[in-house]
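The following exercises concern one protein structure. Please study the sequence and the model before working through each solution.

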Amino acid sequence: ILFSIKTRGFSTKKCNFVTARKFVYMIENDKNMAIICNSLKGIARMQNQDDIWFMHTDAYSLFILFDGVSSLKKSIDYVQYCKCFLNNNYDSYVNSEVKLDLLIYNMHLSSLSSSIDGKTTCSALLLHSNLHKAFIVNVGDSRIYSFSNYFLEPLTVDDNLSGNSHILTKYIGLEELKLDDIAQKEIDIAQNFLICSDGFYNLME
């Protein structure tokens, strides 16, 4: 799964949406932002357990990518539960004072109470036009990159066991996960972003 966000300024105005199966394309009327998202099921997977969530307002745009743990069949249901939490709670964490780390952590705590046997990675990007700032949070081994026509730079660090990239040390649904394990990072807003799961960047590399 991949989420590509190309910015041409800080303004976030009304958007036109075109949607199709497993594909989302959004471009602003003033051409300040273009977003492309696509997800395909892996050959060895019975079900695609990846998903995305995003919210666009006049003040900010918030993008979140989930990569459900494929060994647990209910991971896609777990991801849907997380998305419901976001739908009901996102604005109070990012509207004025940005607490993106707390939003993701409280989503995690709420998901633990769901009793759904699933787990997921989570990568979140907030473009806050009112503050002229961008913020990222990452839990697991999905990644956020900055990119141009000439370079691709990772902005996150994978949470996996040294020497074994297949074993995650942090993920949404890990009972031992603490708020201190989720680091909010402020970054330059005036750049292009790629959010993707390991299935995409392994192919890309």
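**Exercise 1: One residue in its surroundings**

Tyr 105 is located in helix α3; helices (H or I, at least four residues) and strands (E, at least two) are DSSP runs, numbered from the N terminus. The model is predicted: local features need pLDDT of at least 70 and side-chain atom pairs pLDDT 80 or more, while totals for chains, interfaces and linings use all residues. Residues are numbered from 1 along each chain as its sequence is written, and side-chain values use heavy atoms, leaving out hydrogens and water.

Task: Determine whether Tyr 105 is buried or exposed, and state which residues Tyr 105 touches.

Solution.
1. Buried means under 20% relative accessible area, exposed over 50%, and partly exposed in between (1.4 Å probe, protein chains only).
2. Tyr 105 has a relative accessible area of 14% and is therefore buried.
3. Contact means heavy atoms within 4.5 Å. Not counting residues up to four places away in sequence, Tyr 105 touches Leu 177, Lys 178, Leu 179 and Ile 182.
4. Tyr 105 and Ile 172 are 67 residues apart in sequence, and their C-alpha atoms are 8.3 Å apart in space.

**Exercise 2: The sheet**

Task: State in which order the five strands of the open sheet are arranged, and which strands lie at the edges.

Solution.
1. Two strands pair if DSSP finds at least two bridges between them.
2. The order is β5-β6-β7-β8-β13, with antiparallel pairing.
3. The edge strands, β5 (50-56) and β13 (185-187), each pair on one side only.
4. Within the sheet, β7 and β8 are joined by seven bridges in the antiparallel sense. Leu 126 stands opposite Phe 135 in β8.

**Exercise 3: A helix with a buried side**

Task: Identify the buried residues of α1 and explain why they are on the same side of α1.

Solution.
1. The buried residues of α1 are Ser 75, Ile 76, Tyr 78, Val 79, Cys 82, Lys 83, Phe 85 and Leu 86.
2. Because these residues cover an arc of only 165° around the axis (the arc of the directions from the helix axis to the C-beta atoms), they are on the same side of α1.
3. An α-helix has 3.6 residues a turn, so residues three or four places apart point the same way.
4. The buried residues of α1 pack against β5, β6, α3 and β7.
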